[in-house]
Amino acid sequence: MFDGYDSCSEDTSSSSSSDESEEEVAPLPSSLPIIKNNGQVYTYPDGKSGMATCEMCGMVGVRDAFYSKTKRFCSVSCSRSYSSNSKKASILARLQGKPPTKKAKVLQKQPLVAKLAAYAQYQATLQNQAKTKAAVPVEGFSWGNYINSNSFTAAPVTCFKHAPMGTCWGDIAEGVRVEVPNTDCSLPTKVFWIAGIVKLAGYNALLRYEGFENDSSLDFWCNICGSDIHPVGWCATSGKPLVPPRTIQHKYTNWKTFLVKRLTGAKTLPPDFSQKVSESMQYPFKTSMRVEVVDKTHLCRTRVAVVESVIGGRLRLVYEESEDKTDDFWCHMYSPLIHHIGWSRSIGHRFKRSDITKKQDGHFDAPSHLFIKVKEVDAAGEWFKEGMKLEAIDPLNLSAICVATIRKVLADGYLMIGIDGSEAADGSDWFCYHATSPSIFPVGFCEINMIELTPPRGYAKLPFKWFDYLRETDSIAAPVKLFNKEVPNHGFHVGMKLEAVDLMEPRLVCVATVTRIIHRLLRIHFDGWEDEYDQWVDCESPDLYPVGWCQLTGYQLQPPAPQSSRDSQSSSSKQKKKAKSQQYKGHKKMTSLQLKEELLDGEEYSFLQGASDQESNGSASYYIKQEP
């Protein structure tokens, strides 16, 4: 891609030896495009001999890299455009960002400086028009600084199959080269240079301009899915200038030789990368669609809600009866909390009928195929029954796994679960879990995996023992074989950073850390907050996102709580969260009791060997087994 690239006549007093430009490029996965030695590269427009200005668009570059024998144009397209009628009027119209007209007058040739200034203004106008999503800045917080200053590691994009590019991220890794804007340049036009990925953190990449070797002084973070990141070769095909950073412009006498040696055989982004990013950010849910969603004030029932907005696949749902549109609920489009209209009736789930007798103008039911499909189950044989005991994540206190009871068996594998000792008399806080849900577990799951189990409120016989409790309540444990035992190869590790929804306040997406891994179950800690606000979340939850997701989608990111907020958590912050009562967005029902980790007594139960904080993503046995 370097044919026709001549060296600049730069001062050689500060140039490096040729050995520096012969460093081998570290091998990378072969699925990414390999940069070959063909094409064109532009170099630093220093105004000296050997430089040229395109007479069509005003682009400055190396004369020998320009098109045609006269070297008057930077590309074939400019040459052809110039050959059309009203040549000079067309030039000026393009520079001013206006389409030429048939009656345009032929004007005098503009000086180079005027051309560059007009072209810079034109480029800025185009850039502003092209911005479809603006990154949401978080004052005082930068993922790059946060990761660099603490040597954190972020979960890779491939861990999040529901996120943009989650299934087609490929082998983007350290060492991949890209073309990015050159910010170390005093030219009035927007120019580019080649940079390599030094470190990846989710969507964010720490980049270093080619030629800086081990000098990190100008390293910078950017979102790799941003509109200014391109595969190597994009500038040549788009007629954009490649300009070395001013800091190192005198480092090499022959930039062509340097780039050939550095880039030949290296990896870059796929040529259709930006197209894939755009396609992965198209969401099927549209505003005004009607859905059934859990009633946040009565978890045992659903209500009709209308999609008010869609951001990055997250839906702001407004309950249909809310006149001022303030009674809302946030969830992802793949959330198990939303369903098609008619779902509740089809499985026998409680449903709050709307006072609105007919659909409002413009509202329409979301097609059933848009919703996540649950795994089919066979309830014909041995199946869950009312009264069976199990362990379940408390939907009103997601930091706790509690003693629970199956209160009702619905159709299609759905179960109504109640938390022992804290159920409302009318069952309004029963919660619907599917039989394959990763949020319900067989009796003994917590003990064998060394997780604190929350006993029923008011239960005095501590430490809690399942054997005694089942005997006292004359209950049986749900059979282990009925639970979901699949453990995907999720790729998470303890300490990884990510962006996670605070499911107690689901409109918030926060800076978070994986602190424990029990097979497919993740303990999510919200940075800057006390451990009691941690939440148990499944590894495939649609409420977890890679670092940089908020910036990519335009969602507001909640930074770690500052020190002043941490100091006051025990007062105002806690009181605020505890005041949310029975709503599915933030009620801490009780402080979990500290229980000793002991094996269950009795002959009816025996345990399979398990491990705590299991990071091997295999399907290790971690359930209690009930003897015949």
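H6 is followed by Gly265, whose phi is positive, near 90 degrees. This is a predicted model: local features need pLDDT of at least 70, side-chain atom pairs pLDDT 80 or more, while totals for chains, interfaces and linings use all residues. Numbering runs from 1 along each chain as its sequence is written, and side-chain values use heavy atoms, without hydrogens or water.

Helix H6 spans residues 255-263, and its buried residues are Trp255, Phe258, Leu259, Val260, Arg262 and Leu263. Buried means under 20% relative accessible area, exposed over 50%, partly exposed in between (1.4 Å probe, protein chains only). Helices (H or I, at least four residues) and strands (E, at least two) are DSSP runs, numbered from the N terminus. The buried residues of H6 pack against strands S4 (177-181) and S5 (192-201).

His525 sits in strand S24 (residues 521-526). His525 is buried, at 14% relative accessible area. A polar atom of its side chain lies 3.3 Å from the backbone oxygen of Trp529.

The structure holds 28 salt bridges. Each pairs a side-chain nitrogen of Lys or Arg with a carboxyl oxygen of Asp or Glu within 4 Å. Three of them:

| Pair | N to O distance |
|---|---|
| Lys461 and Asp468 | 3.6 Å |
| Lys497 and Asp527 | 2.6 Å |
| Arg520 and Asp538 | 2.6 Å |

Lys497 lies in strand S22 (residues 496-501) and Asp527 in the loop between S24 and S25 (535-538), so this pair ties together parts 30 residues apart in sequence. Lys497 is buried, at 5% relative accessibility. Both Arg520 and Asp538 are buried. Lys461 is partly exposed at 42%, whereas Asp468 is buried at 13%.

Notes:
Contact = heavy atoms within 4.5 Å. Polar contact = N/O pair within 3.5 Å; in protein donor to acceptor, adjacent residues only side chain to side chain.
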